[in-house]
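Reader: I am new to protein structures. Could you take one part of this model and walk me through it closely?

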Amino acid sequence: MSFATLTLLAVTAFAAEEPSTAAPLSGQLTITGASTIAPLASEIGKRLEETNPDLRIDVQTGGSARGVADVRAGLAAIGLVSRNLKDDETDLTAFTIARDGVGIILNTDNPVSVLTDEQIVDIYLGKIANWKDVGGKDAPITVVNKAEGRSTLDLFTNYFKLKNSDIKASVVIGDNQQGIKTVAGNHNAIGYVSIGTAEFESEQGTPIKLLPLKGVAASVENVRNGTFSLARPLNLVVKAAPEGTVKSFIDFAQSKDVRDLVKEQFFVPLQ
């Protein structure tokens, strides 16, 4: 049986379980990692605390790499990792709680509406440095890249077959909000962020727009129906077999009781 099949079976088994209500939970649960998942994990934690007043759930960001490192070091009970586990992370187990897509964003003032994969690669390699070369204005391109340790960077570079060391970045940012703020404030910037976050910000009037990939619109709906290719799982990661409060949190995070929270964050629920 393949690793992928085992992972799917584990996810299905946990998703099918309802959170235990046999006894109230107590103590503190520390969760660290991907900024993409942190707001969702925080809302899930608040809801679980409502029925368990002696439980405190502390959610901290810092990127998927921090989530992995903190779980391995015992600094966090659960790591937030917004990607598949890597080949050298087989000591960890991932439980998917939702799916997300990553989209290319431009400022709404930029007349460019479509870029091919090859053009995006050439922009990030510095081979295309002016928007006029891809049908835009005569203006230098501001390349916004993610910092090392961010899973969005891993997904982006893997998809476009890029090495981060080869990217000619003008600006290096951390979380999605920094990326959105940078592109919203710079008419000549290009970046890549969580589709759910970008969709929400665009609907709120933030001057950014998502570009399609291979003719498929970058939208939560297309992540849901599987037609958008630049997508990823949002995982809770543990080192040992989950039990006690850790297991209860994972069960709850994979249950239908938090489906509304997943959708409010513009992610794709598992159920």
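Author: Start with helix α9, residues 244-253. Seven of its 10 residues are buried, so α9 is largely enclosed by the rest of the structure. Buried means under 20% relative accessible area, with exposed over 50% and partly exposed in between (1.4 Å probe, protein chains only). The buried residues of α9 are V246, S248, F249, I250, D251, F252 and A253. Helices (H or I, at least four residues) and strands (E, at least two) are DSSP runs, numbered from the N terminus.

A word on the source. This is a predicted model, where local features need pLDDT of at least 70, side-chain atom pairs count only at pLDDT 80 or more, and totals for chains, interfaces and linings use all residues. Residues are numbered from 1 along each chain as its sequence is written, and side-chain values use heavy atoms, without hydrogens or water.

Now set α9 in its chain. The protein chain has 10 helices and 10 strands. Its radius of gyration is 19 Å, close to the 18 Å that the globule rule gives for 271 residues, so the chain is as compact as a globular protein of that length. That radius is taken over C-alpha atoms, and the rule is 2.2 Å times the number of residues to the power 0.38. Along the principal axes, the C-alpha atoms fill a box of roughly 65 × 40 × 30 Å. Of the 271 residues in the chain, 51% are buried. Contact means heavy atoms within 4.5 Å. Among contacts in the chain with a separation of 6 or more, 74% join residues 24 or more positions apart.
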